[in-house]
Each structure stands twice: as C-alpha cells, then as structure tokens.
Amino acid sequence: MINKVAVLLVVLLFIIAALASDPDPVIDFCIAKSPDNSFSCKNSSTATVEDFTYSGIKSPGNFKQTGFSSMAVNSNVFPDFGVGGVNVPHFHPRATEVAFALEGKIYSGFVDTKNKVFAKVLEKGEVMVFPRGLVHFQMNVGDGPATILGSFDIFGSDIKEELLEKAFGLSSKELSKLKKRFSPS
C-alpha cells in the first residue's frame with residue numbers, strides 16, 4: 001500500500017512540474033518559404049545566418065516619398081560596446097529580440113536546439129533576429145566603439161512602469177506613448 005502511495009505521489013509531482021513550466025516550442029523558428037507564402041516554413045536544415053539578418057537599412061531610402069520621420073537616441077539610452085566588449089550568451093524564454101547595429105562591427109549570433117550556430121559580423125545598418133528562447137550573444141570585433149539597439153515587445157506588457165522607466169531611461173510620458181503604441185487592440 002505504501003509503495004502505491006509513493007508511486008502516486010511521484011506521478012503527481014511530475015504532472016505538477018510539467019504544468020508549472022513553460023512548454024518548449026515545437027520548432028526553433030519558422031522562415032517563410034517565399035515572400036508570397038508566409039504561412040509555410042522552409043526546411044530548418046536549409047536555414048542560414050542570412051535568414052536572420054538584413055542589410056537593406058544600410059543605405060538611406062527615399063524619405064520624401066514615404067514621409068517617414070525618426071526620433072533621436074543617445075548613448076544614455078543605448079550603451080556602447082568598448083573594443084572587445086561582450087554581451088554574454090543569454091536567452092529570453094518569452095521574447096524574440098531584434099538587434100540593429102547603429103555603429104561599429106558586432107559579431108552577433110545565436111545557437112539553435114541542435115547546436116547549430118547562426119552568426120556573422122553585423123556592420124552599421126544591419127539587423128539580426130534572435131528567435132524566442134534561443135541562446136544568443138554579441139561581441140565588438142571592430143577597432144572602435146560599437147552600438148546596437150535591441151528591441152523586444154515588452155512595452156505592451158504589464159511590467160511595472162517604474163522598472164521600465166529606470167531600465168530604459170524613459171520619462172513616464174515617453175513610456176505612456178510606447179505602451180499605447182504596443183498594447184493589444
């Protein structure tokens with residue numbers, strides 16, 4: 001009788017632990033087969049680092065045609081990497097990150113669950129996406145300071161405003177604008 005109770009308790013413990021944890025994604029990432037077919041993923045074994053980076057922002061576009069405007073940022077909001085500086089390997093279990101190289105040369109990459117490394121040197125104007133939950137890293141490999149802008153979808157969350165203000169050097173007015181922009185409709 002005691003053995004049956006012990007087995008039952010162990011089984012219940014495993015069930016509770018399974019329900020209390022985040023589920024693993026079914027796949028590491030989904031790269032659209034083509035721009036016209038964003039609902040179908042290409043085979044992950046054919047993925048390359050080029051599928052997660054973009055160089056098109058390097059060259060300025062035609063701003064007169066689009067009417068696009070931008071807001072200035074500074075080193076107080078987006079810190080520099082010194083020469084050889086490293087953003088140690090880490091992950092975000094619930095967020096995809098986008099890194100945009102503002103200046104310098106950054107060796108940037110991530111590792112998928114099969115231990116395949118997707119990495120390259122990003123230069124000014126290039127972008128890299130780190131899929132949710134995968135270990136990623138950056139290192140300044142240039143001769144001078146480098147700056148990246150990392151972006152997550154956290155401003156639409158219920159994180160305490162005081163924490164976001166301190167973490168990103170934002171005023172409550174700036175934070176309110178971001179929360180309105182990113183909150184679900």
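Helices (H or I, at least four residues) and strands (E, at least two) are taken here as DSSP runs, numbered from the N terminus. The structure is a predicted model, in which local features need pLDDT of at least 70 and side-chain atom pairs count only at pLDDT 80 or more, while totals for chains, interfaces and linings use all residues. Residues are numbered from 1 along each chain as its sequence is written, and side-chain values use heavy atoms, with hydrogens and water left out.

On this basis the secondary structure of the protein chain comes to four helices and 11 strands. Of the 185 residues in the protein chain, 24% are buried, where buried means under 20% relative accessible area, exposed means over 50%, and partly exposed lies in between (1.4 Å probe, protein chains only). Contact is defined as heavy atoms within 4.5 Å; among contacts in the protein chain between residues at least 6 apart in sequence, 66% join residues at least 24 apart.

N87 lies in strand 5 (residues 86-90) and is partly exposed, with a relative accessible area of 26%. Apart from neighbours within four places in sequence, N87 is in contact with F81, F137 and Q138, and the side chains of N87 and Q138 are joined by a polar contact of 2.6 Å. A polar contact is a pair of N or O atoms within 3.5 Å; within protein, one must be able to donate a hydrogen and the other to accept it, and residues adjacent in sequence count only if both atoms are side-chain atoms.

H92, by its position, belongs to the loop between strand 5 and strand 6 (97-103). When residues up to four places away in sequence are not counted, H92 touches E97, R132, G133, H136 and F152, and the side chain of H92 also makes a polar contact of 3.3 Å with the side chain of H90.

Side chains of opposite charge can pair when their charged atoms come close. With a salt bridge defined as a side-chain nitrogen of Lys or Arg within 4 Å of a carboxyl oxygen of Asp or Glu, the count comes to two salt bridges. One is formed by D51 and K42, whose closest N and O atoms are 3.1 Å apart; D51 is partly exposed at 29% relative accessible area, and K42 is partly exposed at 27%. The other joins the side chains of K120 and E50 (3.3 Å, N to O). This pair links distant parts of the chain, 70 residues apart, with K120 in strand 8 (residues 117-123) and E50 in the loop between strand 2 (37-41) and strand 3 (53-54). K120 counts as buried at 19% relative accessibility, whereas E50 counts as partly exposed at 49%.

A nonpolar surface patch of about 540 Å² is made by V86, V88, Y107, V117, V121, M139 and V141. The elements giving two or more residues to this nonpolar patch are strand 5 and strand 8. Patches are made of residues with over 30% relative accessible area and no salt bridge, like charges being joined within 9 Å and nonpolar side chains (Val, Leu, Ile, Met, Phe, Trp, Tyr) within 5 Å. Y107 is placed in strand 7 (residues 105-111) and counts as partly exposed at 31% relative accessibility.

Conventions:
Areas by Shrake-Rupley, 256 points an atom, 1.4 Å probe, with all protein chains shown as cover.
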